[in-house]
Amino acid sequence: MSQNDLRNHLICVLKNGLVAKTIAEKTSIPPDILSRFKNGKVCLCETDADKLEKYLSLVQIPTSI
């Protein structure tokens, strides 16, 4: 997955209720790096990108109640 696709997926998950602090804790990516990545200020190193991609692939966003 490209950095832009990963960023868009992260933004989508955050908009649907998951908290960035939780993602940072679960992936061991520092919250400030995750925030800068989300805002397009930095790219993640390959290791962090892999961890984030794997974590986000496990997230299920409900489509209806």
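Here is a short chat about the predicted model shown above.

Reader: How many helices and strands does the protein have?
Author: This predicted model has four helices and zero strands. Read from the N terminus, the elements go α-α-α-α.

Reader: And how compact is the protein for its length?
Author: The radius of gyration is 11 Å, close to the 11 Å from the globule rule for 65 residues, so the protein is as compact as a globular protein of that length. Its C-alpha trace spans about 35 × 20 × 20 Å along the principal axes.

Reader: What share of the residues is buried?
Author: 25% of the 65 residues count as buried.

Reader: Which residues touch the most other members in the largest nonpolar core?
Author: Leu6, Leu10, Ile23, Leu34, Leu52 and Leu56 do, in a core of 13 residues. Helices 1 (3-15), 2 (20-27), 3 (31-38) and 4 (46-58) each give at least two residues to this core.

Reader: Which helix gives the largest share?
Author: Helix 4, with four residues.

Reader: Zoom in on Leu52. What is Leu52 in contact with, beyond its neighbours within four places in sequence?
Author: Leu6, Leu10, Ile23, Thr27, Ile29, Leu34, Phe37 and Leu44.

Reader: Last one. What share of the contacts with a separation of 6 or more joins residues 24 or more positions apart?
Author: 64% of them.

Technical notes
Residues are numbered from 1 along each chain as its sequence is written. This is a predicted model: local features need pLDDT of at least 70, side-chain atom pairs count only at pLDDT 80 or more; totals for chains, interfaces and linings use all residues. Side-chain values use heavy atoms; hydrogens and water are left out. The radius of gyration is taken over C-alpha atoms; the globule rule is 2.2 Å times the number of residues to the power 0.38. Buried means under 20% relative accessible area, exposed over 50%, partly exposed in between (1.4 Å probe, protein chains only). Contact means heavy atoms within 4.5 Å. A nonpolar core is a set of buried Ala, Val, Leu, Ile, Met, Phe, Trp, Tyr and Cys residues joined through side-chain atoms within 4.5 Å.
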